[in-house]
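Please keep the structure open beside you as you read.

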Amino acid sequence: MKEVILVTSFGSTVDSARENQILPVVETIRKAHPTHEVRVAFTSRIVIKRLKDRNIVFQNEIEAMESIMADGFERVIVQPTHLVGGAEFDKLRKNIMAFQGQGSIKEIAVGRPLLYFMGQEEEVPDDYQTLIDRFIKNLNVPNTEDLLLVGHGGFNVGNASYAVLQLKLQHEGIRNTSIATLENFPTPEDVLEHWEQEGHIHKKVHLHPLLLVCGDHALNDLFGDEEDSLTSVLNEAGYEVVQYKKGLGEYPEIQNIYAEHLADAMEGLYQNRL
């Protein structure tokens with residue numbers, strides 16, 4: 001069948017985020033599949049509109065699928081760059097799968113987000129352990145200092161993925177890494193309160209976004225100069241902050257994980273479990 005790969009991202013209006021953290025994931029996938037056409041779509045309508053106002057054009061996932069159908073592709077393999085299987089992933093998958101059997105499209109396979117399977121059965125991988133082994137451990141934060149990873153968070157059950165990651169870290173014996181979210185529990189304030197309750201003794205915190213891109217959210221909410229930014233809050237609480245103004249998409253280890261999830265989807269693995 002005539003196949004095409006579609007990589008989807010929430011998107012970003014920050015040029016450096018697109019160039020350094022979204023496009024490298026796309027390029028890794030292109031290099032892994034040189035015989036396939038690889039297309040890109042953004043899912044945030046607000047981001048797309050703001051970019052269009054600057055004469056930078058990206059299709060959303062529905063427009064991309066319509067173009068794919070118009071071009072006569074029969075099989076579509078979609079790789080989202082979501083962190084977890086939350087509301088955004090569910091909405092994307094619903095919009096994509098609506099094209100199943102439409103026009104030329106005979107088959108659609110969807111890759112899973114960065115964190116999805118928990119190794120709960122022998123037949124599925126442990127995406128959380130993969131992230132811990134390939135990324136978190138490689139940050140090499142000393143045991144006498146702390147790593148605080150801050151994600152976006154959400155309001156559906158997908159938000160529990162952050163707690164799973166925290167428990168996986170504890171099970172691994174990694175006690176100096178904490179997970180927080182900007183939009184739901186556990187917030188950075190929850191983490192600080194927990195540190196105080198535990199008689200926390202470390203005074204240096206490595207602050208890293210748990211986000212694909214280091215866009216407006218991270219630059220302002222985590223690293224901004226305002227008194228309510230997380231860096232300012234940590235400084236006020238007496239912590240020295242080491243800032244990592246990098247999105248996950250900047251790391252080859254993360255790029256390769258997404259490429260592996262796409263490869264699983266191309267082989268038809270786990271489709272009945274998404």
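Start with the residues around the largest cavity: V110, G111, R112, F117, H261, D264, A265, L269, Y270, Q271 and L274 line it. A cavity here is a set of points, on a 1 Å grid over the protein atoms alone, where a 1.4 Å probe fits but cannot get out, and lining residues have an atom within 4 Å of a point. Its volume is about 40 Å³, where a volume is the space filled by probe spheres set on the points, with grid points joined across faces, edges and corners. Helix 10 (residues 252-266) gives the largest share of this lining, 3 residues; helices (H or I, at least four residues) and strands (E, at least two) are DSSP runs, numbered from the N terminus. The lining of the largest cavity has 6 nonpolar, 3 polar and 2 charged residues, with Ala, Val, Leu, Ile, Met, Phe, Trp, Tyr, Cys and Pro counted as nonpolar, Asp, Glu, Lys and Arg as charged, and the others, Gly among them, as polar.

A word on the background: this is a predicted model, in which local features need pLDDT of at least 70 and side-chain atom pairs count only at pLDDT 80 or more, while totals for chains, interfaces and linings use all residues. Residues are numbered from 1 along each chain as its sequence is written, and side-chain values use heavy atoms, with hydrogens and water left out.

Next come the pockets, each an open set of points with protein on both sides within 12 Å along at least five of seven lines. The largest pocket holds about 890 Å³ of space. It is lined by 33 residues, and F10, E88, H152, L211 and H217 are the closest to its centre. Helix 2 (45-52), helix 4 (87-97) and helix 8 (216-222) are the elements that give two or more residues to this lining. The second largest pocket has about 530 Å³ of space. Among its 22 lining residues, Q166, Q170, S178, H194 and W195 are the closest to the centre, and helix 6 gives the most to the lining, with 5 residues.

Now turn to the packed interior. A nonpolar core is a set of buried Ala, Val, Leu, Ile, Met, Phe, Trp, Tyr and Cys residues joined through side-chain atoms within 4.5 Å; buried means under 20% relative accessible area, exposed over 50%, and partly exposed in between (1.4 Å probe, protein chains only). In the largest core, of 49 residues, L165 and I254 touch the most other members. Helix 10 supplies the largest share of this core, 7 residues. Leaving out residues up to four places away in sequence, I254 touches L114, L131, F135 and L248, where contact means heavy atoms within 4.5 Å.

Finally, look at the aromatic rings. The structure holds 6 aromatic pairs: rings of Phe, Tyr and Trp (its six-membered ring) pair if their centres lie within 6.5 Å, and planes under 30 degrees apart count as stacked, over 60 as edge-to-face and the rest as tilted. F42 and F58 are stacked, because their ring centres are 4.0 Å apart and their planes are at 10 degrees. F42 is buried, with a relative accessible area of 1%. F135 and Y251 form an edge-to-face pair, 4.9 Å centre to centre with 75 degrees between the planes. F135 lies in helix 5 and Y251 in the loop between strand 8 (240-243) and helix 10, so this pair ties together parts that are 116 residues apart in sequence.
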